[in-house]
Amino acid sequence: MRPVVALERLTACPLCGGPLGAEAFGTTYTDLWPNVDGHRYAYHLCPTCHVHVLANRPVPGPALAAFYAERGGCAWLDPAHPSGLVRRYVRWLQRRKLEILSRIASPAAGLRVLEVGSGKGAFAAYLAEVTDWEVHANDFEDSLALGTGVTYWPGAFEAVRFPAGLQFDVIVAHHVIEHLYDPAAFFRAAYERLAPGGLLVLETPNTACATFARYREDWGLLCAPRHVVLYADAFFRERLGAIAPFQPAEVVYDGYLTAFSPWLQSVLHRLHLRLERRGLGFWVGAVAMGLFNPPVAAMERLVGRGRAVMTVAVRK
């Protein structure tokens, strides 16, 4: 029997250390899966940082690791997946990431790039294949089959002992910071490990969007309890510099996850249509998003709902 995820209580903001405000909303929503542990998760708004913090977050340990393994949501995005359709889709995602990165960073030859939270290594491997950059990757796995051209550094990013003098021109983290229990330590470590003038590129959900304001506990990008800190775009423009002395951030709203239509996902959750892996709801949702995604995505952009995912660029 899989162990139940235990919770710990958080009273201070993990970014500024100040006391959290009152509960902003509660939810039993657990990523794309049924809430088998029966927990009610509570997000509180930090009055200083204006981020939503999961105040009763899971205790790190085997139960949480099992939760990620079983209900991580993105484990099937494997560049070596047996389905050719999945492999082509994964490659398309990596191409979109590189297109966005190339618009933000000058794609000069010989850049030293580190991806934090590399997962199965699809993006790092793609960079090594199609660019002449020096590519590095970091995640918790002890070993990862990234192929040739990628240097892999296992362990928590803040704790990795890089060789003295090794600094990066670009550090990228796609949908990583919302999972971090100590995001302030991540930002400070990223600042120290960037070369002078280096660039930190982050992609994360954006609570300053119409879908979050409307759907709150049913928001399609909530993903409790995996997402322990939810950011608004203003944090990166107004507050990040108080944690690490980055220059003012540039925020771009053309995230590669825009095509998933958070608005439609939120509607399905509001209708209590569970998106289980093998359940009818999953397939109904998948077909609905496949059929209606193009017009819905266009509508989101027209009415301002397409800002649910943001790419943030900050320079040292």
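This is a predicted model: local features need pLDDT of at least 70, side-chain atom pairs count only at pLDDT 80 or more; totals for chains, interfaces and linings use all residues.

Which backbone oxygen lies 2.8 Å from a polar atom of the side chain of Asn-138? It is the backbone oxygen of Trp-153.

**Sheet**
- Seven strands form an open sheet with mixed pairing, in the order β8-β7-β6-β9-β10-β13-β12.
- Its edge strands, each pairing on one side only, are β8 (150-154) and β12 (250-252).
- From one strand to the next, the twist averages 20°.

**Pairing of β7 with β8**
- Strand β7, residues 134-139, pairs with β8 in the parallel sense, over five bridges.
- Within β8, Thr-151 is the bridge partner of His-136.

**Helices on the sheet**
- Helix α3 (residues 122-130) packs on the sheet and touches β6 (112-116), β7, β8 and β9 (168-174). The direction of α3 makes about 175° with that of β7.
- Helix α4 (residues 183-193) also packs on the sheet, where it touches β6, β9 and β10 (194-205). The direction of α4 makes about 145° with that of β10.

**Asn-138**
- Asn-138 has a relative accessible area of 2% and therefore counts as buried, the cut-off being under 20%.
- Not counting residues up to four places away in sequence, Asn-138 touches a set of residues including Leu-114, Glu-115 and Val-116.
- Also among the residues touched by Asn-138 are Tyr-152, Trp-153 and Pro-154, as well as Phe-157 and Val-160.

Technical notes: Residues are numbered from 1 along each chain as its sequence is written. Side-chain values use heavy atoms; hydrogens and water are left out. Two strands pair if DSSP finds at least two bridges between them. Helices (H or I, at least four residues) and strands (E, at least two) are DSSP runs, numbered from the N terminus. Axes are lines fitted to C-alpha atoms, for helices over the stretch in contact, and angles run from 0 to 180 degrees between N-to-C directions. Contact means heavy atoms within 4.5 Å. Buried means under 20% relative accessible area, exposed over 50%, partly exposed in between (1.4 Å probe, protein chains only). A polar contact is a pair of N or O atoms within 3.5 Å; within protein, one must be able to donate a hydrogen and the other to accept it, and residues adjacent in sequence count only if both atoms are side-chain atoms.
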